[in-house]
Amino acid sequence: MAQMTTPKALFEHELKDMYYAEKTVEKMLPKLASEATSPELTKAFKHHLGETKQQIKNLERVFSQIGKRAEGEKCPGIEGLKTEHDEFMQENDPSTEMRDVFLTGAAARTEHYEIAAYTGLVSMARTLGETDAARLLTENLRQEKEALKKVETISKSLLKAQKTNGSRSNGSRRTTSRSGTSTAGRKATTRRTSR
Ligand SMILES: [Fe+2]
Ligand SMILES: [Fe+2]
């Protein structure tokens, strides 16, 4: 393996890493949107999917600005976040309410990861004098920060609603199985009534 000695080579590596991460997020978001039962959370995931597609295009433009072909490099960081989600869903049987809160946490962890990566990429692009690349990467960074704020707000309101419901039902911890309604059925009902 050749030794990496230049900031440009490191920048390129980090860019490939992020390209892989965004492509992974693009595949994950529709799944998260279908798992969420809170209409607000589903909407937030769908909205961020649109932004993610734009972020991928921005990364492709950055690649072309540095004269490189857009390609990803397997990123264990994002794979770890994905595995954490997948294992939780398999190993636990969260109520719809707990699942929604879990999904906001999983999303927030992903946004923090992306924010850290883009902050580094923007600094490197500026150092290298890649002004246009820095601008595109800053746009992606701004969207990740907005997405983080949104899921944090949703998480707080979900927890607040559960605290109210919990005190009404005298500390009941599980609400899904009692009604005997399937998750999909409950979700459809929620969507219908929310229109
Ligand atoms: Fe992203
Ligand atoms: Fe994101």
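Which residues of α1 are buried? The points below take up this question along with the rest of the fold.

1. Basis of the model. This is a predicted model, in which local features need pLDDT of at least 70 and side-chain atom pairs count only at pLDDT 80 or more, while totals for chains, interfaces and linings use all residues. Residues are numbered from 1 along each chain as its sequence is written, and chains are lettered from A and ligands numbered from 1 in the order in which they are written.

2. Overall architecture. The protein contains seven helices and zero strands, where helices (H or I, at least four residues) and strands (E, at least two) are DSSP runs numbered from the N terminus. Read from the N terminus on, the order of elements is α-α-α-α-α-α-α. Of the 195 residues, 29% are buried. A residue is called buried if 20 or more other C-beta atoms lie within 10 Å of its own, exposed if 12 or fewer, and partly exposed in between, with C-beta atoms placed from the backbone. Among contacts with a separation of 6 or more, 79% are between residues 24 or more positions apart; a contact requires C-beta atoms, placed from the backbone, to lie within 7 Å.

3. The nonpolar core. The largest nonpolar core has 34 residues. Such a core is a set of buried Ala, Val, Leu, Ile, Met, Phe, Trp, Tyr and Cys residues joined through C-beta atoms within 7 Å. Leu15, Met18, Leu32, Leu121, Ala125 and Leu137 have the most contacts inside it. Two or more residues each are contributed by α1 (7-35), α2 (39-65), α3 (76-91), α4 (96-127) and α5 (131-168). Leaving aside neighbours within four places in sequence, Leu32 is in contact with Phe45, Leu103 and Ala107.

4. Helix α1. The buried residues of α1 are Phe11, Leu15, Met18, Tyr19, Ala21, Glu22, Thr24, Val25, Met28, Leu29, Leu32 and Glu35. They pack against α2, α3 and α4. An α-helix has 3.6 residues a turn, so residues three or four places apart point the same way. With 29 residues, α1 reaches 41 Å from its first C-alpha to its last, close to the 42 Å expected at 1.5 Å a residue; the expected span is 1.5 Å times one less than the number of residues. A bend of about 30 degrees occurs at Met28, and the proline Pro30 follows within four residues. The bend is the angle between axes fitted to the seven residues ending at a position and the seven starting there.

5. Val25 in α1. Val25 is found in helix α1 and counts as buried because it has 25 C-beta neighbours inside 10 Å. Not counting residues up to four places away in sequence, Val25 touches Thr52 and Thr110. Val25 and Thr52 are 27 residues apart in sequence, yet their C-alpha atoms are 7.5 Å apart in space.

6. Helix α2. The end C-alpha atoms of α2 are 39 Å apart, which agrees with the 39 Å that its 27 residues should span at 1.5 Å a residue. Its buried residues are Leu41, Thr42, Ala44, Phe45, His48, Thr52, Gln55, Leu59 and Val62. Ser64 also lies in α2, but is exposed, with 12 other C-beta atoms within 10 Å. Gly67, whose phi is positive, near 70 degrees, follows the helix.

7. The α3 and α4 pair. The axes of α3 and α4 come within 10 Å and cross at roughly 175 degrees. The two helices are therefore roughly antiparallel. Axes are lines fitted to C-alpha atoms, for helices over the stretch in contact, and angles run from 0 to 180 degrees between N-to-C directions; angles under 35 degrees count as roughly parallel, over 145 as roughly antiparallel, 65 to 115 as roughly perpendicular and the rest as oblique.

8. Ser155 in α5. Ser155 lies in helix α5 and is buried, with 20 C-beta neighbours inside 10 Å. Ser155 touches Val101, Thr104 and Gly105, residues up to four places away in sequence not being counted.

Notes: Contact = placed C-beta atoms within 7 Å.
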